[in-house]
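Here are my notes on the structure, as numbered points. Please read them with the model open.

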Amino acid sequence: MTQREWADKNYYADLGVSSSATADEIKRAYRKLARDNHPDKHPGDKVAEERFKKIAEAYDVLGDDKKRKEYDELKDLIASGGIPGFGSGGFGGNSTGFGGGFRQAADFDVSDLFGGGRGGFSSDGSSFSDIFGGLFNRGGSGGGTPRNTARPTRGADVEADITLDFREATQGTTLPIQLTGEAPCTTCHGSGSKTGNPTACRYCNGTGFTSENQGAFGFSAPCVHCSGTGQVITDPCSDCTGTGTVHRTRTITVRIPPGLDNGQKVRLAGKGEAGPNGKPAGDLFVTVHVRPDPVFKRSGDDLKITVPVSFTDLALGGAISVPTLTTPVRVKVPAGTPNGRTLRVRGRGVPKRNGQSGDLLVTVDVKVPKNLSDGARAALEEYARLEQESGFDPRAGWVGNTVGSAT
């Protein structure tokens with residue numbers, strides 16, 4: 001495959017999807033086309049074999065998020081004329097294209113243009129050398145063994161949402177969740193093979209890549225016969241048609257560690273969708289949503305609570321019972337504590353990952369009775385008289401005393 005042929009590819013059209021297709025849509029399209037056009041299904045059919053090659057090549061790029069992004073950016077740049085030599089001159093049409101350029105400068109390195117150590121075109125800091133590294137063997141005259149080996153594929157990552165009560169999130173819990181997606185085939189145990197024994201691809205000797213010399217350059221590309229896996233399923237499982245995965249619903253037990261806050265995520269490695277033909281599964285990311293609590297508020301690792309008290313609780317002092325995430329505690333209130341003061345109880349807040357806990361912040365809030373008995377009223381009137389005789393003035397030193405006074 002020449003350089004111009006690679007640049008002129010329309011991988012989306014090869015898979016029959018739009019450029020805005022999701023990863024799942026691309027995967028489903030590839031699997032259907034690969035099954036329909038597999039050489040084993042059409043022995044001796046050169047047309048089907050060529051279609052299968054195009055399908056495998058397209059999925060190798062579009063099935064990889066990073067490579068797909070770089071491919072899209074490259075195509076946009078070519079279309080806009082952002083890369084010299086990729087317009088009307090193309091790859092080999094004139095001396096400014098890649099064909100003429102390579103012949104004039106034998107020591108030219110593709111990485112010089114596509115980000116090899118000196119910046120590239122990718123917006124996330126990566127470079128196009130990752131794509132071209134799979135197609136060009138740098139080394140001039142190389143034929144030999146391609147520098148790439150079959151890259152292990154993995155299942156797709158999965159995201160899920162759960163909603164927990166405040167105390168479940170802060171104390172931790174374990175709960176089951178149901179996921180629907182690709183899971184290992186129980187018939188072939190994920191291998192894709194009826195006997196469980198895939199064979200090494202004879203076209204790439206199990207490496208997953210084939211190489212081809214084109215003048216001064218060697219090209220390395222995923223093997224079209226095994227789709228870059230290095231293995232061939234000669235006896236496909238009837239339940240998964242050789243993919244090793246089936247679409248079904250499964251139950252996953254998720255352990256929520258203590259101390260999670262609203263919006264935080266839990267990652268469960270290897271609990272995502274199953275990888276094809278026994279390859280590693282993706283990861284499961286669970287986003288935790290926390291319901292508000294009627295008693296507690298959270299501030300980092302501290303818990304806040306407002307406790308109603310009486311005037312005598314604060315004036316005389318003593319101990320009040322305060323709820324926590326587990327059992328209530330007795331909190332000492334010093335005599336003469338003003339309304340609205342916050343008292344700190346160490347180690348009764350949100351559990352931390354290091355095994356310790358935050359603090360419980362208790363704010364006292366005086367509640368005034370609306371109805372008094374005759375005895376309570378008489379006692380308060382006597383108290384007010386004694387308070388006045390003692391010289392206590394609740395507004396002594398209050399700035400409001402000076403408002404409107406003569407100067």
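1. Overall surface. The accessible surface of the chain comes to about 23,000 Å². Carbon and sulfur atoms own 50% of that area. Bear in mind throughout that this is a predicted model.

2. The chain holds eleven helices and 16 strands. There are 407 residues, and 37% of them are buried. Among contacts with a separation of 6 or more, 63% join residues 24 or more positions apart.

3. The aromatic pair. Searching the whole structure gives two aromatic pairs. One of them is Y30 with Y59. Their ring centres are 4.0 Å apart and their planes meet at 5°. Planes under 30 degrees apart count as stacked, so this pair is stacked.

4. Cover on the two rings. Are Y30 and Y59 buried, partly exposed or exposed? The cut-off for buried is under 20% relative accessible area. Y30 has 12%, so Y30 is buried. Y59 has 23%, so Y59 is partly exposed.

5. Helix α3. This helix has 15 residues. From first C-alpha to last, α3 reaches 21 Å, close to the 21 Å expected at 1.5 Å a residue. Its buried residues are I26, K27, A29, Y30, R31, A34 and N37. Note that K27 and R31 are on that list.

6. Y12. This tyrosine is found in helix α2 (residues 11–15). Y12 is buried, at 7% relative accessible area. Which residues does Y12 touch, leaving aside those up to four places away in sequence? They are V17, S18, S19, L62, R68, Y71 and D72. Y12 and Y59 are 47 residues apart in sequence, while their C-alpha atoms are 9.0 Å apart in space.

7. The four-stranded sheet. Four strands make an open sheet, in the order β11-β12-β16-β15. The pairing is mixed. Which strands are at the edges? They are β11 (297–299) and β15 (342–345), each of which pairs on one side only. On average, neighbouring strands of this sheet are turned by 30° against each other, direction ignored.

8. β15 pairs with β16 (residues 360–366) in the antiparallel sense, over four bridges. Within β16, V362 is the bridge partner of L343. For background, strands of a sheet pair through backbone hydrogen bonds, either parallel or antiparallel.

9. The β13–β14 hairpin. Strand β13 (residues 318–322) and β14 also pair in the antiparallel sense, here over five bridges. A hairpin of six residues joins β13 to β14. S321 stands opposite R330 in β14.

10. Two faces of β14. In a regular strand the side chains alternate between the two faces of the sheet. Along β14 (residues 329–333) they do alternate. V329, V331 and V333 point to one face and are buried.

11. Positive phi at N205. N205 is not a glycine, yet its phi is positive, about 60°. N205 is found in the loop between β4 (199–200) and β5 (209–214). Its relative accessibility is 66%, so N205 counts as exposed.

12. Positive phi at T241. T241 is another residue other than glycine with a positive phi, near 50°. T241 is in the loop between β7 (231–232) and β8 (245–256). With a relative accessible area of 41%, T241 is partly exposed.

13. Helix α11 and its end. α11 (residues 374–389) has 16 residues. Its reach from first C-alpha to last is 23 Å, close to the 22 Å expected at 1.5 Å a residue. Just after α11, G391 takes a positive phi of about 90°.

Note on methods: Residues are numbered from 1 along each chain as its sequence is written. This is a predicted model: local features need pLDDT of at least 70, side-chain atom pairs count only at pLDDT 80 or more; totals for chains, interfaces and linings use all residues. Side-chain values use heavy atoms; hydrogens and water are left out. Buried means under 20% relative accessible area, exposed over 50%, partly exposed in between (1.4 Å probe, protein chains only). Contact means heavy atoms within 4.5 Å. Accessible areas come from the Shrake-Rupley method with a 1.4 Å probe; for residues, only the protein chains shown count as cover. Rings of Phe, Tyr and Trp (its six-membered ring) pair if their centres lie within 6.5 Å; planes under 30 degrees apart count as stacked, over 60 as edge-to-face and the rest as tilted. The expected span of a helix is 1.5 Å times one less than its number of residues. Two strands pair if DSSP finds at least two bridges between them. Axes are lines fitted to C-alpha atoms, for helices over the stretch in contact, and angles run from 0 to 180 degrees between N-to-C directions.
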